Amino acid sequence: MNAKKKSPVMWRTDIAKVDPVKDYKQHLMKPDSAKFIAKLKEFGIDPNNIPTLPLICRLKKLGPVVLYPKQTFDPHIGEIREFIRTITPNSIHQLKTLVGIPNEVALRQQRKLQASARIRSIKMQDMPVESRIRFKSLDVLQRTAVTDLAHNILHGHVEEESLKRQPYKAVTDYMLERAKDLPAFVAKELIVCPGETVHFSGFAAVFFVNVIVYGDGQIIMANNSKLHAYQIKHVPV
């Protein structure tokens, strides 16, 4: 009886197994951008005193990481209060930088015809005539018009002179009234491992120096939330 020959073992060379816990440090960048540092300081964040987020890669069995502003403890991280701040923008331009699109960026997009999809059509005849908006007292059409104009101010380019006139002034005043003590999450690095999902729920903004995402790792944020980082990098695995 002839013995069956074993097939030779074929080692795959197209897949490189990477241990993020050992690998991530080589991808970190030290911020040397004056603009990024200025942005941190603008929102009251000391670039030299940003807390370090523990690595959560080895705790995937606990399930997805879900972080929200009123939380005090997370099983992946421990105490998280040191990472949570509140920010109150003092101008519409600071609010645009925090959660929308800065005016100069929106202007460049407008010139390249890249902003049209974001801008909503508004029926100006539906705008309330009052100089101070009391949203609860508005009818459905007025609420829609105010919401759409606020969206356009936040995500589009706005001329300075327009902001001084109605209804723009009333809407920007209303936006700033509501934008008090906005919750933000601040840490040095966020390392997302393969198969891992990190949810930021209820934060207006999150700030990191470095964000490194391995493989199919995911970061999930609300539609009205914004991620700020000096570097965002995806590492294939």
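How many nonpolar, polar and charged residues does the lining of the largest pocket have? In this predicted model, that lining comprises 13 nonpolar, seven polar and two charged residues. The pocket itself, the largest in the structure, has a volume of about 650 Å³. Its lining is formed by 22 residues, of which Val99, Leu154, Met175, Arg178 and Asn224 are the closest to the pocket centre.

Three helices each supply at least two residues of the lining of the largest pocket, namely helix H3 (92-99), helix H5 (140-155) and helix H7 (168-178). The largest share comes from H5, with six residues.

The axes of H3 and H5 come within 8 Å of each other and cross at roughly 80°. Angles of 65 to 115 degrees count as roughly perpendicular, and H3 is therefore roughly perpendicular to H5. On the H3 side, the contact is made by Ile92, Leu95, Lys96 and Val99, and on the H5 side by Ile153, Leu154 and His155. By class, this contact between H3 and H5 has five nonpolar residues, one polar residue and one charged residue. Two of the contact residues, Val99 of H3 and Leu154 of H5, are also among the residues closest to the centre of the largest pocket.

Ala170, Val171, Thr172, Tyr174 and Met175 are the buried residues of H7. These buried residues pack against H3, H5 and helix H6 (160-163).

H2 gives the most, with five residues. By class, the lining of the second largest pocket divides into four nonpolar, one polar and five charged residues.

Notes:
Residues numbered from 1 in each chain as written. Predicted model: local features only at pLDDT ≥ 70, side-chain atom pairs only at ≥ 80, totals over all residues. Heavy atoms only, no water. 1 Å grid on protein atoms, 1.4 Å probe; cavity = no way out; pocket = protein on both sides within 12 Å on 5 of 7 lines; lining within 4 Å. Points joined across faces, edges and corners; volume = space filled by probe spheres on them. Helix = DSSP H or I, 4+ residues; strand = E, 2+ residues; numbered from the N terminus. Nonpolar A, V, L, I, M, F, W, Y, C, P; charged D, E, K, R; others polar. Axes fitted to C-alpha atoms, helices over the stretch in contact; angles between N-to-C directions. Parallel < 35°, antiparallel > 145°, perpendicular 65-115°, else oblique. Contact = heavy atoms within 4.5 Å. Buried < 20%, exposed > 50% of the residue type's maximum accessible area, 1.4 Å probe, protein only.
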